[in-house]
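The sequence and structure come first, and the notes follow by topic.

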Amino acid sequence: MDVKKVTLSQVATHLAGRLEGSGDTELSGIGELQFAGPAELSFLITQDHLELAKSTKAAAVLISDSLEPVSLPMIWVSNVPEAINTALELFAQRSEEHTS
């Protein structure tokens, strides 16, 4: 299945999150910090995973408003789990549009 990419800016707008970094980065999906590739969005829910965030290959991260920033493009949100679900829906929707 061919996946239509979404820009980081589009994801931030869809999530009503605050973007920090380049919004032009194209994303193809979401992955966990340790497994995400360079075209994927990852997420940081707790400060416990900060070291993983420092070494991730992800293009950007969804990050809780309550955490310290990382050195990647970020979308700041108040509820990361909810934002993950909403972002997954966006990627699924774009994929369906691309295959229709």
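**Buried serine in the sheet**

S42 counts as buried, because its relative accessibility is 0%. The model is a predicted one. S42 belongs to strand β5, and the points below begin with this residue and then turn to the sheet around it.

Surroundings of S42
- Apart from neighbours within four places in sequence, S42 is in contact with G31, E32, L33, A36, A58, A60, V61 and L62.
- Burial requires under 20% relative accessible area, and S42, at 0%, therefore qualifies.

- The open sheet is formed by 5 strands in the order β2-β7-β6-β5-β4, and its pairing is mixed.
- Why do β2 (18-20) and β4 each have one side left without a neighbour in the sheet? Both stand at the edges with a single partner strand, so one side of each has no neighbour there.

Pairing of β5 with β4
- Strand β4 (residues 29-30) and strand β5 (residues 40-44) run parallel and are joined by 2 bridges.
- G29 has E40 in β5 as its bridge partner.

Pairing of β5 with β6
- Strand β6 (residues 60-64) runs parallel to β5, and 4 bridges join the two.
- A60 in β6 is the bridge partner of L41.
- From β5 the chain passes through helix α2 (residues 50-55) to β6, in a β-α-β crossover that is right-handed.
- F43 has L62 of β6 standing opposite.
- In a regular strand, side chains alternate between the two faces of the sheet.

Helix α1 against the sheet
- Helix α1 (residues 8-15) lies across β2, β5, β6 and β7 (74-77).
- The angle at which α1 runs to β7 is about 5 degrees.

Backbone at A16
- A16 is located in the loop between α1 and β2.
- Phi of A16 is near 55 degrees, which is positive in a residue other than glycine.
- Most residues other than glycine have a negative phi.
- Is A16 buried or exposed? A16 has a relative accessible area of 72% and is therefore exposed, the cut-off for exposed being over 50%.

Key
Residues numbered from 1 in each chain as written. Predicted model: local features only at pLDDT ≥ 70, side-chain atom pairs only at ≥ 80, totals over all residues. Heavy atoms only, no water. Pairing = 2+ DSSP bridges. Right-handed = clockwise from strand over helix to strand, strands pointing away. Contact = heavy atoms within 4.5 Å. Axes fitted to C-alpha atoms, helices over the stretch in contact; angles between N-to-C directions. Buried < 20%, exposed > 50% of the residue type's maximum accessible area, 1.4 Å probe, protein only.
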